[in-house]
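This report describes a protein chain through its charged pairs, its sheet and its aromatic rings. Please keep the sequence and the model in view while reading.

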Amino acid sequence: MAYGWKKNAEGEGGGNAPRLSEGQHAVKIIKIRYGSKQTPAFTAKDGSRQMMVIFADAKGHEVTSMLTLSEKAGWTLARLLGCLGVDLAALETDGRGPEDFADPGFAEAILLERTLVVDVKGAGAFPDVTPVRRDPDAPPPVVNTLTKTPTMTKTAPPKTATPPADDFPPDDEEDTIPY
């Protein structure tokens, strides 16, 4: 049997998630990447840092978008943040710019697990992904990626439950742990 080059190139095999088709999709930001094994740090032609934002729909179909973290290209990040409902005025007041999103902790705190609608155009590894503005009074789109509903037992507490820290006051100052 022949190797499935086309199937694997489109992300249907080899462990890659299937890609989102063209059209509008309710998605969640599931990952942010700043580099890969082949490219330790993503950079634009002018040397500016870049980040890859990975979106997924409820079925696990993914699409990526590369965002350049510079003042000149900051409008693409600003559009995404605006569509997510992020307080852009607060970012400006705090003196934050696109380059601050090169800090994974900062970017992930603002972007991960947020939902929006994206318009996907084109095929291949890097289609055009445009965030869709929504009515500010509308609720955010629902993207339920939970595959199994967790169950809880009402009668018995979890086996790993520990008593609250207040139940065991330290004997002296040396018994406290600073972290």
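How many salt bridges does the structure hold? The structure holds three, where a salt bridge is a side-chain nitrogen of Lys or Arg within 4 Å of a carboxyl oxygen of Asp or Glu. The model is predicted, so local features need pLDDT of at least 70 and side-chain atom pairs count only at pLDDT 80 or more, while totals for chains, interfaces and linings use all residues. Residues are numbered from 1 along each chain as its sequence is written, and side-chain values use heavy atoms, with hydrogens and water left out.

**Salt bridges**

Side chains of opposite charge can pair when their charged atoms come close.

| Pair | Distance |
|---|---|
| Lys-28 and Glu-113 | 3.4 Å |
| Arg-96 and Asp-100 | 3.8 Å |
| Lys-121 and Asp-119 | 3.4 Å |

The pair of Lys-28 and Glu-113 links distant parts of the chain, 85 residues apart. Lys-28 belongs to strand 1 (residues 23-33), whereas Glu-113 sits in the loop between helix 4 (104-111) and strand 4 (115-121). Here helices (H or I, at least four residues) and strands (E, at least two) are DSSP runs, numbered from the N terminus.

Burial is judged by relative accessible area: buried means under 20%, exposed over 50%, and partly exposed in between (1.4 Å probe, protein chains only). Lys-28 is buried at 13%, and Asp-119 is buried at 16%.

Five strands form an open sheet in the order 3-2-1-4-5, with antiparallel pairing; two strands pair if DSSP finds at least two bridges between them. Strand 3 (62-68) and strand 5 (128-131) stand at the edges with a single partner strand each, so one side of each has no neighbour in the sheet. Strand 2 (residues 50-56) pairs with strand 3 over seven bridges, and Ile-54 has Thr-64 in strand 3 as its bridge partner.

**Aromatic rings**

Rings of Phe, Tyr and Trp (its six-membered ring) pair if their centres lie within 6.5 Å; planes under 30 degrees apart count as stacked, over 60 as edge-to-face and the rest as tilted. By this rule there is one aromatic pair. The ring centres of Phe-101 and Phe-106 are 5.0 Å apart and the planes stand at 65°, so the pair is edge-to-face. Phe-101 is buried at 2%, and Phe-106 is buried at 16%.
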